[in-house]
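Let's take a friendly walk through a protein model, stopping at a few spots along the way. Keep the structure open beside you as you read.

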Amino acid sequence: MAAPEIFLHHYDQSPYAEKARCALGMKAMSWRSVIVPNMLPKPKLAPLTGGYRRVPVMQIEADIYCDNAMIVRELERRFPEPTLFSAGRLGMPFALAKWSDGEFLQATACLVFPLIEDQLPDGFIADRTAMRGAPFDIAAMRKAAPAMRDQWRAFAGWIDDHLGDGKDWVMGARPGYADINAYMNVWFLKLYAPDIAAQLLAGLTHTRRWAEAMAEIGHGDRQESDADAALAAARDAEPATAERADPDDPFGRKPGDEVIVTPADYAKDSIAGTLVASSHYHIAIRRSAAEVGTVVVHFPRAGYHVRSA
């Protein structure tokens, strides 16, 4: 039996989606690219996710994986070789993601968005303001940009210091999820502000060498697809996730409970469903929509709030 197809719902300019694309490339995977809008509405993503709007989202038949933390874990579970976790060390790469998506991305955004303000589509700023619950203030980013240059260079310098002993990759003899998290902001700045990136990377020879090697890995075998094919793949399948309780759940949650999952940081859309499986690192809920039938949607535990419906 042929392996089920992987659909990645994303858009090319998303730094978060670049992480998933890099993971697929490191594992030399074939996958189907479904481009989604970079702002609401997202009418063909919502039936799969229950209203979760962020990218990337990975779909394997009727199982839907939200957030890179879940995408990477599931890729590793299904396709363990080549591994994204040198010597089985999972914890630190996920901790690096919080830095990459947090302070490092904040510095990058302040350098990028003032340069591309006139390229943003109509409604983008209003969409991001509503999504974050705070003004998406490009004037403030422009004012902060000089200070953020210093911060960005310091963060890139951490990477350079770490690679300074001659290692090729952040954690071990081959690239992995730690490299992906360290790389995201270098990729994002080089994409939109190559002159600034060249200036800030001057003298950081190890970071420059490593970033070039990361870019050469590529994204695997990407095949363009459309949302209708992805919806049909979900509709024609049943979720493969088995029921599994977390015996140490601090609230005693168990399969069959009705719960609501909400991102803790921004885009705080709530997704309701029936708990199917959970652990200290994830939670999976079953839900239905006319377009796709029954699906199971998977979320990380870290960075997401779970409450009783």
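## A glutamine and its neighbours

Our first stop is Q59, which touches E5, I6, F7, H9, L48, I64, A230, A233 and A234, leaving out residues up to four places away in sequence. Keep in mind that this is a predicted model. You can find Q59 in strand 3. Is Q59 buried or exposed? With a relative accessibility of 0%, Q59 counts as buried, because buried means under 20%.

What do the polar atoms of Q59 do there? The side chain of Q59 makes a polar contact of 3.0 Å with the side chain of H9. The Q59 side chain also reaches the backbone oxygen of E61, at 3.0 Å.

Most residues other than glycine have a negative phi, and most peptide bonds are trans. E61 sits in the loop between strand 3 and strand 4, and its relative accessibility of 36% makes it partly exposed. A267 has a positive phi too, near 50°. This alanine belongs to the loop between strand 6 and strand 7 (271-278), and A267 is buried, with a relative accessible area of 4%.

Now for the peptide bonds. Which residues does a cis peptide bond join? P41 is placed in the loop between strand 2 (30-35) and helix 2. Another cis bond links E81 and P82, with omega about -5°, and P82 lies in the loop between helix 3 and helix 4 (91-116).

## Rings that meet

How many aromatic pairs does a search of the whole structure find? The search finds 18. In one of them, the ring centres of Y52 and F299 are 5.8 Å apart and the ring planes stand at 70°, so the pair is edge-to-face. Y52 comes from the loop between helix 2 (46-49) and strand 3 (57-60), while F299 comes from strand 9 (residues 293-300), so this pair ties together parts that are 247 residues apart in sequence. Y52 is buried at 4% relative accessible area, and F299 is buried at 0%.

The rings of F85 and F94 give another arrangement: their centres are 5.6 Å apart and their planes are at 20°, so the pair is stacked. F85 is buried, with a relative accessible area of 3%, and F94 is buried as well, with 15%. Elsewhere, ring pairs link W99, F104, W152, F155 and W158 into a cluster.

The charged end of R73 sits over the ring of F94, 4.5 Å from the ring centre. The charged end of R54 likewise sits over the ring of Y266, 4.5 Å from that ring's centre.

P263 is found in strand 6 (residues 258-263), and at 1% relative accessibility it counts as buried. Which residues is P263 in contact with, leaving aside neighbours within four places in sequence? They are Y52, R54, K268, D269, G303 and Y304. Along the chain, P263 and Y304 are 41 residues apart, but their C-alpha atoms are separated by 4.4 Å.

## Empty spaces

Rolling a probe the size of a water molecule over the atoms shows where empty space is left. A search of the whole structure finds one cavity of 30 Å³ or more. The largest cavity has a volume of about 50 Å³. Its lining includes F85, R89, M171 and Y177. Which element provides the largest share of this lining? Helix 7 (residues 177-192) does, with three residues.

Helix 3 gives the most, with six residues.

Methods
Residues numbered from 1 in each chain as written. Predicted model: local features only at pLDDT ≥ 70, side-chain atom pairs only at ≥ 80, totals over all residues. Heavy atoms only, no water. Phe/Tyr/Trp six-rings, centres within 6.5 Å; stacked < 30°, edge-to-face > 60°. Helix = DSSP H or I, 4+ residues; strand = E, 2+ residues; numbered from the N terminus. Buried < 20%, exposed > 50% of the residue type's maximum accessible area, 1.4 Å probe, protein only. Lys NZ or Arg CZ within 6 Å of the ring centre and 35° of its normal. Polar contact = N/O pair within 3.5 Å; in protein donor to acceptor, adjacent residues only side chain to side chain. Contact = heavy atoms within 4.5 Å. 1 Å grid on protein atoms, 1.4 Å probe; cavity = no way out; pocket = protein on both sides within 12 Å on 5 of 7 lines; lining within 4 Å. Points joined across faces, edges and corners; volume = space filled by probe spheres on them.
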